[in-house]
Amino acid sequence: MVKNKLWLLVFVLLAGALIWGCVEELDQGSNNAPMVWFTRAPDDGEVIFANAANFEWVATDWDDDLGMGSTYIQMEPSTVTWFDAAADSEVTFEHPEGWIRHYGDNIYQVLDLPDTTFYFSVRVVDGRGADSTIVSRFFVRYDADFPVIDSVHCPPFKPPNPTFCHTYRMFAHDVARTPRAATPLDSLEYSYRFVRPAPLAAIESEPEWSTENWEVEMCVDGQTNPGEYKFRCKVRDRAGNTAPEYVCKFEIIK
Ligand SMILES: [Ca+2]
Ligand SMILES: [Ca+2]
């Protein structure tokens, strides 16, 4: 019992010392800077294929003095002049320059972004002047256009032999608002489906999308399985835009 009381006394003394220490620190003007982080924003160094970006952030402070504080945002660069090939004219993106006081909810949206590297910053200042800044650096490569399939190397509609192997090759290129936003040739992804007469099952690309899928060999035993064969293929860019399906077919009549 005496031992328990002793422990309680030690605990009370320690807790008291701790609280006293904290109070003293506050009296001496110690202040924690706010903690700020994005809950929605492009990841650092992320390439976005949209021409708009959305930001959302959380700010908190151990000292609970954000109520008297203020928030600022900054977009860099704030002015960009670029050539819009689709509109055949120069266009200027403009955002208010420098740190802008931001009121209300911790959300912000920027629209009509050109294909440039941007830095979006949020600076939160607490009621006693301590501040924290977070930055999202991202690359805009706006692309809403699907790639173009230039040609597919198909066998003739009436193959000379009923049994043969054929290598399908797909040739495509991408288009976008600016050349730098278009997907490079070697990054285009292809998918195919070779449909054969029943009871044969269709052969599908595996994985469904791959840069390797642009070339594939298919073998046909038309002696055993005559009928119509269809090769259906698709191509997509890195923004996920998919070209209309291209189909080539041939027929083996028994
Ligand atoms: Ca603080
Ligand atoms: Ca594209």
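A nonpolar core is a set of buried Ala, Val, Leu, Ile, Met, Phe, Trp, Tyr and Cys residues joined through C-beta atoms within 7 Å. A residue is buried if 20 or more other C-beta atoms lie within 10 Å of its own, exposed if 12 or fewer, and partly exposed in between, with C-beta atoms placed from the backbone. The structure described here is a predicted model, in which local features need pLDDT of at least 70 and side-chain atom pairs count only at pLDDT 80 or more, whereas totals for chains, interfaces and linings use all residues. Residues are numbered from 1 along each chain as its sequence is written, and chains are lettered from A and ligands numbered from 1 in the order in which they are written.

The largest nonpolar core has 12 residues in all: Phe146, Tyr168, Met170, Ala172, Leu188, Tyr190, Tyr192, Trp214, Phe231, Cys233, Val235 and Ala243. At least two residues of this core come from each of S12, strand S13 (189–195) and strand S16 (227–236). A second, separate core holds 9 residues, including Met75, Phe118, Phe120 and Phe138. Two residues are in contact if their C-beta atoms, placed from the backbone, lie within 7 Å. Apart from neighbours within four places in sequence, Leu188 has contacts with Pro147, Ala172, Asp174, Thr183, Thr211, Val235 and Asp237.

Across the protein chain, 20% of the 254 residues are buried. Of the contacts between residues at least 6 apart in sequence, 68% join residues at least 24 apart. The chain contains 1 helix and 17 strands; helices (H or I, at least four residues) and strands (E, at least two) are DSSP runs, numbered from the N terminus.

Strands of a sheet pair through backbone hydrogen bonds, either parallel or antiparallel. Two strands are taken to pair if DSSP finds at least two bridges between them. S11 is joined to strand S12 (residues 163–173) by 5 bridges in the antiparallel sense, and Val152 has Met170 in S12 as its bridge partner.

Another open sheet consists of 3 strands in the order S1-S3-S8, also with antiparallel pairing. Strand S1 (35–40) and strand S8 (107–110) are its edge strands, each pairing on one side only. Between S1 and strand S3 (residues 53–60), which run antiparallel, there are 5 bridges; Phe38 stands opposite Trp57 in S3.

Strand S4 (residues 70–76) pairs with strand S9 (residues 117–125) through 7 bridges, and the two run antiparallel. Gln74 has Ser121 in S9 as its bridge partner. S4 also pairs with strand S7 (residues 100–102) in the antiparallel sense, over 3 bridges, where the bridge partner of Tyr72 is Arg101.

The loop between strand S14 (203–204) and S15 contains Pro207. Pro207 counts as exposed because it has 10 C-beta neighbours inside 10 Å. Although Pro207 and Ser191 are 16 residues apart in sequence, their C-alpha atoms are 8.3 Å apart in space.

Confidence is expressed as pLDDT, the predictor's confidence in each residue, from 0 to 100. The mean pLDDT of the protein chain is 90, with 89% of its residues at 70 or more. Over residues 21–28, pLDDT stays under 50, and the model has 1 contact beyond four places in sequence for them.
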